[in-house]
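Thanks for opening this one with me. Please take a moment to turn the model around before reading on.

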Amino acid sequence: MPWMREDPYKKYEVNVVIDNSETKGAPVVMETNPTYPNLLGRTEKEAQFGALTTDFSMIRGGSIHKANGGYLIIPVEELLQNPFSYDGLKRDLRDGNMTIAEPEERYGFLSVKTLKPKPIPLTAKVILIGNPYLYQMMFELDPNFRELFKIKAEFDTVMERTDQKMQQYAAWVCTLCEKEGLKHLDGSGVGKLVEYSSRIVEDQYKLSTQFSYIADIVREANFYAEQENSDFITGTHVKKAIEEKVYRSKLIQEKIQEMIKRGFFLIDTAQQRVGQVNGLSVMGLGDFAFGNPSRVTASIGLGREGVIDIEREAKMGGPIHTKGVLILSGYINDKYARDKPLSLSARLVFEQNYEGVEGDSASSTELYSILSALSGLPIKQNIAVTGSVNQKGEVQAIGGVNEKIEGFFEVCKLQGLTGEQGVMIPESNVQNLMLKEEVTEAVNAGKFNIYSVKSIDEGIEFLTGTKAGERRTDGTFEDGTINFLVDKQLKMMADKLKEYPGVEAPKKNED
């Protein structure tokens, strides 16, 4: 039949698989959909009366052919999601040749009579881009990976906040506005954007290089500027964009604050209590995180159990939190049990916590509650506390300091700002403060306070209003101080326990 006759001139045609004649310099190809055919090429077929036919004119090259002599960039996550693509790429790199073959034939699943183009020498450089986790997994689990991909380059998510870097930041924002047809930012707008960038990384001396987050704020700020027919995007528009972004995600935070206001969650922001401290935690909801105050309490009694973490006993505490509680025991032993056995049974708990606890940022809070319970001195409830602690009593830096301060500020605002409320943070976290304007304005107006401490002694002095007390040369503490009262109480408990010689420390269940 006429349509089945072969064109006599077809065998003289030329099939141009790749044409880089218009390319200036070495080709650079970004393959965002690295399926096996897209990446390594294929031989197309056409159906004629139920049969598949092909010829040399149907040979199609892949992105690796187009990038030959240049650079091929592939997102590694996309590469691993496509069957046979990664193995085929490794085979070509290992052999140094690009082979166009069907995957089922290449892996021995099916063998049919078809074209087998001659392999082409491979001279392209292949670059995989992805997150550090995938790199480590591939490096550990795939021996060929470390042989084929020998050069590793890491990109930081932060950069120094210098005048030069801020000028470059402004230039990048200008380029974004030009590219997407947005209004340009004035000086106040760029300033707010730089502040927001530092807040993302929680560092006064760093800027974020996660430019997609910054670009989203610029785009939303442009919308508000257009609504007001403003010539430029000002700091007010950027501030509104940031606030609206938070507002759309903070429903859970508002529900918790409502429950605190109505008395379902018990949080005191006034008066004083023995063995009770307001701790601070951070709740993450993916794109949004907020601080949440929690009441931390300690109860003490005679015994040899030491410090017991109720969260751990209930299997609601994570390993880092458990480590923080064990460090408390080390601190108490080192400071108060040098001349007597530690005869203490103390129990720590986050009250009204039903989701579990992880992290050591509340270890100083827990220690303050134990010291208050042992000394009998009440702690100010208008001050919330955060910070981890080591066995030497030094208060260490924690994460999420801005969210924690703002979370307690919101609760105090609901119950009424008195000018006496505040948050006590580690001194090393002062450089991480990038608070929202409402909080900084309240601090400047004397309605809210932020305190920093270096040590447990310094913190307990502030919380109780009583001197901590130094150890004297004879091993005792100054009379009337907190450490003196704690040491005295522990000594009385040790003497009292001698009256009950049958009391032994319970065996720990190593689970």
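The points below go through the pockets, the cavity, a surface patch and some salt bridges.

1. A word before we start: this is a predicted model.

2. Let's begin with the largest pocket, which has a volume of about 1,300 Å³. It is lined by 38 residues, and Tyr196, Arg199, Ile242, Val246 and Glu406 are the closest to its centre. Two or more lining residues come from each of helix H9 (187-201), helix H10 (211-227), helix H11 (235-247), H12, E14, H16 and helix H17 (437-444). H11 gives the largest share, 7 residues. By class, the lining has 20 charged, 11 nonpolar and 7 polar residues.

3. The second largest pocket holds about 880 Å³ of space. Of its 24 lining residues, Ile127, Leu128, Ile151, Lys152 and Ala153 are the closest to the centre. Strand E9 (125-129), helix H6 (132-141) and helix H7 (143-148) are the elements that give two or more residues to this lining, and E9 gives the most, with 5 residues. Here the classes come to 17 nonpolar, 3 polar and 4 charged residues.

4. Strand E1 (28-30) and E9 each supply at least two of the patch residues. Ile127 has a relative accessible area of 36%, so it counts as partly exposed.

5. There is 1 cavity of 30 Å³ or more, and the largest cavity has a volume of about 30 Å³. Among the residues lining it are Gln253, Ile256, Phe290, Asn292 and Val411. Helix H12 (251-261), strand E14 (289-301) and helix H16 (401-415) each supply at least two residues of this lining. The lining has 5 nonpolar, 5 polar and no charged residues.

6. Now for the salt bridges, of which the structure holds 21. Which residue does Glu220 pair with? Its partner is Arg248, with the closest N and O atoms 2.9 Å apart. Glu220 sits in helix H10 and Arg248 in the loop between H11 and H12, so this pair ties together parts that are 28 residues apart in sequence. Are the two partners buried or exposed? Glu220 is buried, at 16% relative accessible area, whereas Arg248 counts as exposed, at 52%.

7. A further salt bridge joins the side chains of Lys413 and Glu438 (2.7 Å, N to O). Because Lys413 lies in helix H16 and Glu438 in helix H17, the pair ties together parts 25 residues apart in sequence. Lys413 is partly exposed at 37% relative accessibility, and Glu438 is partly exposed at 33%.

8. The side chains of Lys467 and Glu478 also meet in a salt bridge (3.2 Å, N to O). Both residues are in the loop between helix H18 (456-464) and helix H19 (482-497), 11 residues apart. Lys467 is partly exposed, with a relative accessible area of 48%, and Glu478 counts as partly exposed at 24%. To close, salt bridges with shared partners join Glu410, Lys413, Lys436 and Glu438 into one network.

Notes. Residues numbered from 1 in each chain as written. Predicted model: local features only at pLDDT ≥ 70, side-chain atom pairs only at ≥ 80, totals over all residues. Heavy atoms only, no water. 1 Å grid on protein atoms, 1.4 Å probe; cavity = no way out; pocket = protein on both sides within 12 Å on 5 of 7 lines; lining within 4 Å. Points joined across faces, edges and corners; volume = space filled by probe spheres on them. Helix = DSSP H or I, 4+ residues; strand = E, 2+ residues; numbered from the N terminus. Nonpolar A, V, L, I, M, F, W, Y, C, P; charged D, E, K, R; others polar. Buried < 20%, exposed > 50% of the residue type's maximum accessible area, 1.4 Å probe, protein only. Salt bridge = Lys/Arg side-chain N within 4 Å of Asp/Glu carboxyl O.
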